[in-house]
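Reader: I have a sequence and a model open, and I would like to learn to read them. Can we go step by step?

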Amino acid sequence: MTITLRAAVAADAHAVASIWYGGWGDGHFGNVPDELVEIRTKESFWDRVPAKIPDTTVALVGDEVAGFVMVVADEVEQVYVSGEHRGSGVADALLADAARQVKENGHDQAWLAVAAGNARARRFYERAGWTENGAFDYPAVTDDGPIPVACHRYVRKV
Ligand SMILES: CC(C)(COP(=O)(O)OP(=O)(O)OC[C@H]1O[C@@H](n2cnc3c(N)ncnc32)[C@H](O)[C@@H]1OP(=O)(O)O)[C@@H](O)C(=O)NCCC(=O)NCCS
């Protein structure tokens, strides 16, 4: 299986929103406040993606979008892989590219926030060489203002 990475383009918006919506529940249901779950409707993912395309890199398997990362400055904001491509190396390829982008952005350390209860993601980051760096409340952005989410910060030298 060949994995290709490239910068996202506007035409990827539907695929990115589908994977984001499909995976958000896996990592967040039961791990974030109910108030945030109510705001993160299916439509909300399609609403938010177009403005995030410039920050997004997609992973292709064949010509199918199998996952994506969003990187802003030194933060890896999102890492998502579609259900059928988990456990296949797509996530590793995306996370490695995210670290490369953080370095290219002029930083020597990357960071990300993961919901405290998102066990699969936390194991994935730890296996990839990221270090847990303490618990904190991440302000999830909503139209009604930030909602604090209990998270752990992970860091990695890049
Ligand atoms: C997080 C994510 C990108 C990781 O990619 P992946 O391809 O699933 O990664 P892996 O298959 O390497 O799995 C990571 C670890 O979780 C373990 N795992 C597998 N299935 C699991 C499950 N159902 N529950 C908990 N852990 C699980 C794996 O064994 C592996 O641990 P190991 O390295 O100690 O064996 C992917 O699962 C995903 O998109 N999840 C939903 C979105 C999300 O939560 N993103 C992160 C937001 S911060």
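Reader: Where is A73 found?

Author: First, a caution: this is a predicted model. A73 has a phi near 55°, a positive value in a residue other than glycine. Its place in the chain is the loop between β3 and β4.

Reader: Does A73 count as buried or partly exposed?

Author: Count the C-beta neighbours inside 10 Å. A residue needs 20 or more to be buried, and 12 or fewer to be exposed. A73 has 13, so A73 counts as partly exposed.

Reader: Now A59. Why does A59 count as buried?

Author: A59 is found in strand β2. The cut-off for buried is 20 or more C-beta atoms within 10 Å. A59 counts as buried because its C-beta neighbours inside 10 Å number 27.

Reader: Let us zoom out. In what order do the elements run from the N terminus on?

Author: The protein has five helices and seven strands. Read from the N terminus, the order is β-α-α-α-β-β-β-α-β-α-β-β.

Reader: What is the radius of gyration, and what does the globule rule give for 158 residues?

Author: The C-alpha trace spans about 40 × 35 × 30 Å along its principal axes. The two values asked for are close, so the protein is as compact as a globular protein of that length. The radius of gyration is 15 Å, and the rule gives 15 Å.

Reader: Among contacts between residues at least 6 apart in sequence, what percentage join residues at least 24 apart?

Author: A59 and R6, at 53 residues apart, showed how far along the chain two residues can be. For the protein, the share of such contacts that join residues at least 24 apart is 65%.

Reader: Which element gives the largest share of the largest nonpolar core?

Author: This core has 34 residues. Those with the most contacts inside it are V16, F68, V69, V79, L94 and A98. Elements that give two or more residues include α1, β2, β3 and α4. The largest share, seven residues, comes from α4.

Reader: V16 is on that list. Which elements do the buried residues of α1 pack against?

Author: In α1, the buried residues are V16, A17, I19, W20 and G23. Leaving aside neighbours within four places in sequence, V16 is in contact with A8, V49, T56, V58, V65 and F68. The buried residues of α1 pack against α3, β2, β3 and β4.

Reader: How far does α1 reach from its first C-alpha to its last?

Author: α1 has 16 residues. At 1.5 Å a residue, 22 Å is expected. The reach of α1 is close to that, at 21 Å.

Conventions. Residues numbered from 1 in each chain as written. Predicted model: local features only at pLDDT ≥ 70, side-chain atom pairs only at ≥ 80, totals over all residues. Helix = DSSP H or I, 4+ residues; strand = E, 2+ residues; numbered from the N terminus. Rg over C-alpha atoms; globule rule 2.2 N^0.38 Å. Contact = placed C-beta atoms within 7 Å. Expected span 1.5 Å × (residues − 1). Core = buried A, V, L, I, M, F, W, Y, C linked by C-beta atoms within 7 Å.
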